[in-house]
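Please examine the sequence and the structure below before reading on.

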Amino acid sequence: MDVKDIFSYDWSYLLPEFIILGFATILSLLDLFAGKRLGRQVIGWLSLVGVVLATVFVFVNVNVLDKPYSYMADMIRIDDYGNAFKLLFLGGTAFAILISLSYLKKGEVTHTGEYYYLMLTGLLGAMVMASSADLITLFVGLELLSLSSYVLVGLRKKSLQSNESAFKYVVSGGIATAVTLFGMSYVYGLTGTTHIYEISFRLAEAGMAGYQFLVYMAFAFLAVGLAFKISAAPNHMWAPDVYQGAPTPVTAFLAVVSKAAGFSLLFRVLLISFFNVNDGANRFFFQEGSLYLGLMAAASMIIGNTMALRQTNVKRMMAYSGIAQAGYLLVPFVPPTTLFFGEVIFYLFGYLLVSFGAFAVIMVVTREQGTEEIKGFAGLYHRSPIMAIAMSIFLLSLAGIPVTAGFFGKFYLFMGALAQENYWLAAIMIVTSVISYYYYFGIIRQMYMRPGTSEAPLAVPKGIWTLVFVLALLTVFFGAFPGLVTDYVQIHFNPSFDFGNMLPPNFQ
Amino acid sequence: MDSGANILLSSLVFSPLLAILIIAFIPSRRFGAIKQVGVLGTLLPLILAFWMFGAFNYDTSNLQFVERHDWISIPIGLAQTGTVFAFEINYELGVDGISMPLILLTAIIGTMAAVASWQIKKRLKEFFILFHLLLIGMLGVFAADNLFLFFIFFELTLVPMYFLVGIWGYGEREHAANKFLLYNGIGSGIMLLAFIMIFVVMRTLNIDQISAILTTPEHPVTAALTPAIRLGLFLALFVAFAIKLPVFPFHTWMLKVHVQAPPSIVMIHSGILLKMGAYGLLRMGIGFFPEQAYQFSTWLAVLGIINVLYGAVLAFVQKDLKMVLAYSSISHMGIVLLGFAAMNSIGFQGAMFQVVSHGFISALLFFLIGVIWDRTQTSMIDELGGLAKSMPFVSGIFLAGGMASLGLPGMSGFISEFFAFLGLFGRMPVLAAVGALGIVLTAVYLLRAILRTTFGPTPSRFTGLADAQPMEVIPMVVLLGFIILIGVYPAILGNPMQQALKTIVPIVTGIGG
């Protein structure tokens, strides 16, 4: 591990991160010095420009890069694994900003400028998480995302609920961070390094040298701590309160970007660090480790889907739905196959389209109705057929009914689980999915079958209308032609080399 | 197998799209135009279905009108072998002698149900859009030659049906829609589980290929399957389709739907959707795992008898005409199971005859109940009576439909029951004798219900009821016409089926010796 002169690196691969950092900095200065004269919408549009620009450069990286490029002893590592996730983060943030542009007009959030650049810093944190191979940078990314999210959740300063949820988020997030850090300290103690590719070998040695128990402890703490960000059991309790209290675009941001970032981190840290550990006969991660993740998956699916049945607040319901989705997303890692990467990326991609669509509709409806109760959706079909139909498509996709992106995502996960002979997880997936029909169709029932409080056409901002319409189309389109995404992932992202060529092409 | 040169079957399956597109652009207040397009739109699949039925070659058991296109291809690795192969989902359609009559049945009942939807008054535009969507799903189920495609079409029927029951149904419509959704959702889930397991082992989703591989005991893939796994897969498929059929004790959802859904939707539900269960059971359950089906056949017969007798006995005590027919459907689906349980050519023919015949009969009877409800606002047997005086035509057709249902010779019901029991008597005479009791009971409950409603003293409020209107006469006459046609000329169904059954029967009977 030789430390090179910083000028000897080709920094162009980091352009996406630099762009986001630059825009966040410039926009915050602009906000500071422009005073009241500058419309804060401008900051929103500018931040969107930044995100789009960064996306372009990620695509450039995807096409240019043929092997991982690392900076400063793998502190930052640009590879396909990270790039794929970055595309999801950027897409998610772009959608969040787009929704916000019409949300924030109404003056619910007083610090509009901050709102946008906090989203950018959160995005930067997520990008750092996805592309670092060192515990320290990973942690910095995690904290950058978390701190930005804490503030974003609480930005509706005058709303008691928002304050409460921000407070809960900070406290529980702090605890989760502490647990993660505690796990990391075990790892560092056992290996003496923070570089996860080195950890991979040294942890195996430590395990063989009789520190097996401590290795398992490290795994357990890391898994529990990181479960927080993806809102998986046993660290899911914050989600309903925070989702409910946060401004709706922030909720969508948490549901998609923050969750995807959590997944990128969870798997890079756990999979690589514990890849070589074995208990003498079997590889730990592929036996006990993945079984533990399987239990997390099962618990999340069951808790998420059953608790969602009882919710009357639509954002809380979406939070439990998100917990359930986190459970589904953990399935391909029990144990991972060569397919896991494609499965997760496709599922997250579908989830991205659907979540933002659903939250955009939820935002319009809850704002107009002045309530977040599911009853607020009553009669929506008569007031805005397009919104109702689009929402139905999103809900059908979340429930996993063809022909939607969500269906194929679930089908793909399901197939992977059966190919691994994971019958119990497959069975839980089926049963909980059917349970989920009940609450997803609950909203559909309200929209079509119940009389609403008014029959007047629903006023939908043009931007939101277009976004929802396009997302609904894409949800169906990628449900019918999922091959377009899976082929792209297959051709441009070769997941096995992202793990430093250490995984055999056909690892089980 | 020829490739995508032939697009006839796709045109048939997706032909209702045309009506959907046209209706989508008609303003929703123009009721008349929507109705006309809604009904005329079903003529396109009907004409295509008739045309294909005519062009169908009866002398071969091969799939016809085959279409095949590449669709999705994903590399997949398997844990147990460590090999990687492409996971391919293709767009594959094809019909044989079993599915062709069912497609025709779907098209006919589709048109008749559209005509029967004439009296729908609210939200007509959405109704017909969903109706045609449902039609696409049903046609697709019978045309699919690929498990994935079959599943998608199967699920495609679920969503429109949910709305059609939940919005246009009677009082407890939402409850019925939910129950429908959850039961069928579980059924679909189990089916998907079995399909993917089959795929993981077979590495193909083509129904024809899977049948061919699984029924060749020497094939390495087949040989590698342990009997336990086969039995498990067969049972999974059985349960999945038993929910749809419905087999006791999975039938409760179906009663709700029959009672709460609007008449035209019950026509479709009872006439076609239940048949998807029978079709799947024959094509995938028995077609893929004949040996397991053979071992299981006694249980099939027992379940069939339970269905026949349970349905008949409960139909007898019902006060609501709709409930009588709902339980009667359960009873008649039992005969399908009995036909399957016979595990011989005659039995299978009986079962498939029953599928088609009951499709027409139940569609007719539910249509009549809709007409009666339209006039009297009730379907309670006690409140009705003497309808023959004011509605002689409707009552006459009702009696004729009832006769067909209880198996009067010369009508389709007779042929199917006769074949099914004839087949079963050869293998399980005792069970067949017990099951045949159901025929007697059917006569009792149907005659009771029909006579109580059409004859006897006429309550004064029912004296001036209008008899059948021209738009109502069409479905009655057409459906009854087909019932009689099959009854007097069964070869019209028997010929196409015979060749297709030849591919299944020898294998099954070969096991039995």
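This is a predicted model: local features need pLDDT of at least 70, side-chain atom pairs count only at pLDDT 80 or more; totals for chains, interfaces and linings use all residues.

The paragraphs below take up the interface, the pockets, the cavities and the salt bridges in turn.

Chain B brings 38 residues into contact with 39 residues of chain A. The area buried between chain B and chain A is about 3500 Å², and carbon and sulfur atoms give 74% of that area. Polar interactions are also found here: the count between chain B and chain A is six residue pairs in polar contact, with both residues at pLDDT 80 or more. Two salt bridges are found across the interface of chain B and chain A. A salt bridge joins the side chains of Glu174(B) and Arg445(A), with an N to O distance of 3.9 Å.

On the side of chain B that touches chain A, at least two residues each come from the elements β1 (64-77), β2 (84-95), α7 (147-156), α8 (158-168) and α9 (173-202) of chain B. Among these, α9(B) gives the most, with 13 residues. By class, the side of chain B that touches chain A comprises 26 nonpolar, eight polar and four charged residues.

From the interface one may turn to the open spaces. The largest pocket holds about 1600 Å³ of space and has a lining of 42 residues. The element that gives the most to the lining of the largest pocket is α14(A), with seven residues. The lining of the largest pocket has 35 nonpolar, three polar and four charged residues.

The second largest pocket has about 500 Å³ of space. Its lining numbers 20 residues, and those nearest the centre are Phe59(A), Leu87(A), Gly91(A), Phe349(A) and Leu352(A). Elements of chain A that each supply at least two residues of this lining are α2 (40-64), α3 (80-103), α12 (340-369) and α18 (483-492). Here α3(A) gives the most, with eight residues. The lining of the second largest pocket divides into 18 nonpolar and two polar residues, with no charged residue.

Cavities form the next topic. Across the whole structure, a search finds nine cavities of 30 Å³ or more. The largest cavity has a volume of about 190 Å³. It is lined by 17 residues, of which Gly400(A), Lys410(A), Ile430(A), Ser433(A) and Leu192(B) are the closest to its centre. Both chains supply elements to this lining: α15 (405-419) and α16 (423-449) of chain A and α7 and α9 of chain B each give at least two residues. The largest share, five residues, comes from α16(A). The lining of the largest cavity comprises ten nonpolar, five polar and two charged residues.

The second largest cavity has a volume of about 80 Å³. Residues that line the second largest cavity include Gln325(A), Phe346(A), Tyr347(A), Ser397(A), Ala405(A) and Gly409(A). The elements that give two or more residues to this lining are α12, α14 and α15 of chain A. The most come from α12(A), which gives five residues. By class, the lining of the second largest cavity has six nonpolar and five polar residues, and no charged residue.

The last topic is the salt bridges of the whole model. Over all chains, the count comes to 20 salt bridges. One of them, within chain B, is formed by the side chains of Glu291(B) and Arg230(B), with an N to O distance of 4.0 Å. This pair links distant parts of the chain: Glu291(B) belongs to helix α15 (residues 290-295) of chain B and Arg230(B) to helix α12 (residues 227-244) of chain B, 61 residues apart.

Terms used. Residues are numbered from 1 along each chain as its sequence is written. Chains are lettered from A and ligands numbered from 1 in the order in which they are written. Side-chain values use heavy atoms; hydrogens and water are left out. Contact means heavy atoms within 4.5 Å. Buried area is the accessible area (1.4 Å probe) that two parts lose on being put together, summed over both. A polar contact is a pair of N or O atoms within 3.5 Å; within protein, one must be able to donate a hydrogen and the other to accept it, and residues adjacent in sequence count only if both atoms are side-chain atoms. Helices (H or I, at least four residues) and strands (E, at least two) are DSSP runs, numbered from the N terminus. Ala, Val, Leu, Ile, Met, Phe, Trp, Tyr, Cys and Pro count as nonpolar, Asp, Glu, Lys and Arg as charged, and the others, Gly among them, as polar. On a 1 Å grid over the protein atoms alone, a cavity is a set of points where a 1.4 Å probe fits but cannot get out, and a pocket is an open set with protein on both sides within 12 Å along at least five of seven lines; lining residues have an atom within 4 Å of a point. Grid points are joined across faces, edges and corners, and a volume is the space filled by probe spheres set on the points.
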